[in-house]
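Here's a quick briefing on charges, salt bridges and helix packing. Have a look at the model first, then read on.

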Amino acid sequence: MHENFDLDLLLELVEQKKLRQLREILQEMNEVDIASFLDELKPEQLIVVFRLLPKGLAADVFSYMEDIDSQQRLVSSLSDKELREVLDELYVDDAVDIIEDMPANLVTRILRNTDPSTRHQINQLLNYPKDSAGSIMTTEYVFLHPEDTVAESFARIRKVGLDKETVYTCYVTKSRILQGVVTVRQLLLSDYETKISDIMETNVLSVKTTDDKEAAAQLLSRYDFTALPVVDGENRLVGIITVDDAMDVMEEEATEDFEKMAAILPSDKPYLKTGVFETARARLPWLMLLMLSATFTGVILTGFESALAACVVLTAFIPMLTGTGGNAGAQSSVAVIRALSLGEVESRDLWGVIWKEIRVSVLCGIALGAVNFGKMLLVDGWLLHNPEVTVMVSAVVCLTLAVTVVCAKVVGCLLPMAADKLGIDPAVMASPFITTVVDVLSLLIYFGIAVELLGL
């Protein structure tokens with residue numbers, strides 16, 4: 001946790017029950033920092049400190065808290081009046097994010113303490129699929145009428161803007177159909193008598209409620225929007241996705257991809273808040289699968305036992321070959337997975353990606369093989385006086401190295417692309433899985449070349 005406040009001082013004030021001094025400090029702090037501080041408190045301290053916050057600040061802090069357990073304790077401990085005050089200050093999309101992770105009894109209590117209009121909006125958003133654009137949008141936006149003047153539009157913004165998530169970007173609708181978009185900057189630079197239809201931008205990028213939320217976040221990032229309209233099947237404006245929601249989605253997706261690439265089942269909880277058994281349960285399935293798949297390398301070694309007995313020195317170079325192959329495959333897979341997640345490449349680009357990786361791998365393989373050939377003859381053969389490291393043995397190892405790098409990089413780009421084509425998350429086909437496949441290939445290549453060149 002990166003802090004720009006004195007956590008030890010705050011905790012000391014809590015322990016000493018110097019609540020007046022603590023309140024003064026908290027009122028000067030950023031809501032994100034306060035949320036981080038609350039996540040560090042003991043359950044019995046949490047409600048006491050939370051009640052020190054003004055209701056507007058309390059709602060913001062509540063939405064920024066990362067510890068779901070702490071949020072649940074607060075919902076359980078606050079009186080109906082206190083809970084209502086917090087919920088009244090929350091944006092609807094933030095309330096939905098919180099509710100999604102809570103047990104049914106607490107969800108019921110939250111919905112019971114919201115006004116009918118907000119409750120209807122929350123229930124609407126909860127009905128959208130979890131990974132859809134509709135699930136992360138907010139219904140609190142400013143819409144203007146195309147026939148209104150700039151002066152009338154400013155009057156409307158002043159009237160309704162206080163409770164909206166953003167007022168900088170306003171959407172123009174007619175009978176709820178999205179017509180265009182206009183920014184406050186455009187309004188400020190236009191005459192008061194100008195009609196909105198004369199200054200609005202009609203070529204509006206939007207997403208549908210059922211579109212993937214990651215695709216919506218990428219659209220926001222690509223065009224540097226601060227908000228993105230969300231429409232239903234009939235092009236009626238039903239909400240907007242703001243840049244802060246998009247950042248949350250991209251962070252969530254990046255974390256999930258990293259966990260999958262490390263062969264860990266994704267978790268929603270912070271690292272230190274996740275129990276030991278829960279963490280072990282998330283890691284064991286992949287470790288078990290990789291362990292079983294790694295037995296293929298043992299089968300290959302057993303199959304070439306006689307070749308190894310005839311030229312024992314070959315054994316010493318197996319770790320270097322498998323390790324280099326695994327690293328080469330991991331480089332390609334990470335690059336391709338990133339390109340896929342950012343939309344830089346698609347399934348149809350498969351042959352272009354493979355052709356590029358083949359050319360890159362040939363250059364890398366030749367360079368690595370040449371350097372290793374010199375190293376084996378000079379260091380292993382001459383300096384270490386190992387008579388078994390002959391020119392032919394060096395040639396076998398270095399040729400294997402070059403071919404392995406080429407195969408590893410092709411596998412490293414092919415598997416994520418194939419996974420994407422089949423609708424599987426490409427991050428699953430990352431380092432651990434690819435390393436296992438490359439280990440098997442490198443051994444088959446190694447012993448195949450050794451048998452041919454050394455006559456084993």
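**Salt bridges, a charged patch and a packed helix**

Lysine 81 is exposed, at 54% relative accessible area (exposed means over 50%, buried under 20% and partly exposed in between, with a 1.4 Å probe and protein chains only). Keep in mind that this is a predicted model, where local features need pLDDT of at least 70 and side-chain atom pairs count only at pLDDT 80 or more, while totals for chains, interfaces and linings use all residues. Residues are numbered from 1 along each chain as its sequence is written, and side-chain values use heavy atoms, leaving out hydrogens and water.

**Salt bridges**

- Searching the whole structure turns up eleven salt bridges (a side-chain nitrogen of Lys or Arg within 4 Å of a carboxyl oxygen of Asp or Glu).
- Lysine 81 pairs with glutamate 85, with the closest N and O atoms 2.9 Å apart.
- Both of these residues sit in helix H7, four residues apart, or about one turn of the helix (helices are DSSP runs of H or I, at least four residues, numbered from the N terminus).
- Glutamate 85 is partly exposed, at 26% relative accessible area.
- Aspartate 131 and lysine 213 also meet in a salt bridge, at 3.8 Å from N to O.
- Aspartate 131 is in the loop between H10 and helix H11 (133-136) and lysine 213 is in helix H15 (residues 213-223), so this pair ties together parts 82 residues apart in sequence.
- Lysine 213 is buried at 4% relative accessible area, whereas aspartate 131 is partly exposed at 45%.
- Aspartate 380 bridges to lysine 375, and their closest N and O atoms are 3.0 Å apart.
- Asp232, Glu234 and Arg236 are joined in a salt-bridge network.

**Negative patch**

- Asp60, Asp88, Glu89, Asp115 and Asp163 form a negative surface patch (patch residues have over 30% relative accessible area and no salt bridge, and like charges are joined within 9 Å).
- Aspartate 115, one of the patch members, lies in the loop between helix H9 (104-112) and helix H10 (116-126).
- Aspartate 115 counts as partly exposed, at 33% relative accessibility.

**Helix H6**

- Which residues of helix H6 (residues 68-77) are buried? They are Ser70, Gln71, Gln72, Leu74 and Val75.
- These buried residues pack against several helices, among them H3 (31-39), H5 (55-64) and H7 (80-89) (contact means heavy atoms within 4.5 Å).

Notes:
Patches are made of residues with over 30% relative accessible area and no salt bridge: like charges are joined within 9 Å, nonpolar side chains (Val, Leu, Ile, Met, Phe, Trp, Tyr) within 5 Å. Accessible areas come from the Shrake-Rupley method with a 1.4 Å probe; for residues, only the protein chains shown count as cover. Lys and Arg count as positive and Asp and Glu as negative; His and the chain ends are not counted. The place of a charge is taken as NZ of Lys, CZ of Arg, CG of Asp or CD of Glu. Helices (H or I, at least four residues) and strands (E, at least two) are DSSP runs, numbered from the N terminus.
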